[in-house]
Amino acid sequence: MAADALPSDIWIAILQYLSVEDLAHLCQTSRYFHSLVNEYGWQAYLRANPRHSWSTSKALQQWSPHDQIRYHTITDHNWSLPSFVARPLASKWAGKLQPVLAINHSRLFVAAANHIYSYIFGRSAEPSAAPSIQFECAYTTTKVLQATRDITSIRCVPDGGYDRTVYVGYADGSLERVVLPACKPGTEGPIHIEPSFREKRPFHGAEAVESISSCGDQLLSLSSNGTAVFFNNSANPAPQFIELRSRSWASHLSHRHAVLGASSLTPLTVHAIHESHISSAPSHILTNSTHDDHPRASAVYGICGTPPSAPWGGSEQVIISGWYDGVVNVHDLRSSRRAHRIPGVSSYPAGGALYPVMSMCDPWLFEPVYSVSSGGGGSCHIAAGTARHSVVAFWDVRAANKGWSVHGPGNDSSPVYSVILENSRLFGATQSRPFVLDFGPGVREETYPKLTKPPREDGLKRRDSSGVGFYCTRYGHSRPQ
């Protein structure tokens, strides 16, 4: 039967169910199918398989659907090897800092001490070249260095596409909505952010703001003493307060849930959100142990959700967390695996105490996990920044027993305090510098900022085989039988 015997609408409907390999093979069968796949097939595949990306999103929009899929396919292959380019985004800072990262579709922000470093994402019209990331400028929040005014948390919020608005939390409990002023060409030195660009949110007293998370125009901030504040991004927000009454570390916000991480017998709790109102009592307790009779106090330092195209379907019911004992847990609020009781805990929420559906760790590094993020090739990976030796651990949830870890460029003897994982790149920050691991194709020397010091003076090892990145020690998680 001739291909054109069926209406094109039927073939177009069939195309959305084909894989990349199937579409590529179909392209080669006839001129009719070559035209049909190029016009409808690749676009249909992109709609059915969206990729989570911040730094490359604007560049990819300028590419044809075929070029976008080529980029994603090569990236997925590099993740499977794994093969990447490791590159510092800056030379070493003076002193030992505790940086945090924030990202939107235009910029990566690195907050360290009283500085905010802005890196802008480029748009590559040439599909063979990776979208660039270049240093834009630096800002200061104070004119004099003070430990109490160190930035402890930062989060980007929507601002109509300008991508310059962030919420910043400080060690002295201050919380501010900051609109970063435009960088002027030729400006030398950091730009001080004047009071006219800042709005105070006096929610946390004198306790350090450990975490800020957001979902659309809703925000959740968490202080070290366990005060969680749920509010919106408006000029006069009406905050709602939750008191955890324990040392607290991390938060995560979605449309339906607020997840809080602390130090206690029940360090990970979920609070439901209904019509822009957060419940004061937890709806779920998420446990680390699968043994009811032997609980132990722990802490949760990092929390994240899953990207839209994750194997779980991108559901807000899935929560990923990094724990003090070096374990990364995946909880599914739909799971039926619940604890009957937890000794020392007198009351349970309606949702009960849930066991993790998946647990992972680096068997060679028994250190706390400070930060977690999800994404990577096929949106199937989890990345964890650990507490020593600048190690980032990775797991593909389709084969979690085949995880691997890598030391950041320079092998600093430092925690990886913050990580952000997207489709082709991982951004991380140690006490010494921010860095990137790039799994995408077309990475060149000009893709990333020039280093201001010779590599050896900056503690960097020899160049890798690409000639662009730097050698990093990598090892697998499998133990010999």
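Helices (H or I, at least four residues) and strands (E, at least two) are DSSP runs, numbered from the N terminus. What you see is a predicted model, in which local features need pLDDT of at least 70 and side-chain atom pairs count only at pLDDT 80 or more, while totals for chains, interfaces and linings use all residues. Residues are numbered from 1 along each chain as its sequence is written, and side-chain values use heavy atoms, with hydrogens and water left out.

Leaving aside neighbours within four places in sequence, S248 is in contact (heavy atoms within 4.5 Å) with residues including E210, L222 and G261.

A59, placed in helix α4, residues 57-61, likewise counts as buried, at 1% relative accessibility. Not counting residues up to four places away in sequence, A59 touches G122, R123, S124 and P131.

Now to the helix pair. Helix α3 (residues 31-48) packs with helix α5 (residues 65-80) at an angle of about 50 degrees, their axes 8 Å apart, where axes are lines fitted to C-alpha atoms, for helices over the stretch in contact, and angles run from 0 to 180 degrees between N-to-C directions. α3 and α5 are therefore oblique to each other, since angles under 35 degrees count as roughly parallel, over 145 as roughly antiparallel, 65 to 115 as roughly perpendicular and the rest as oblique.

Methods. Buried means under 20% relative accessible area, exposed over 50%, partly exposed in between (1.4 Å probe, protein chains only).
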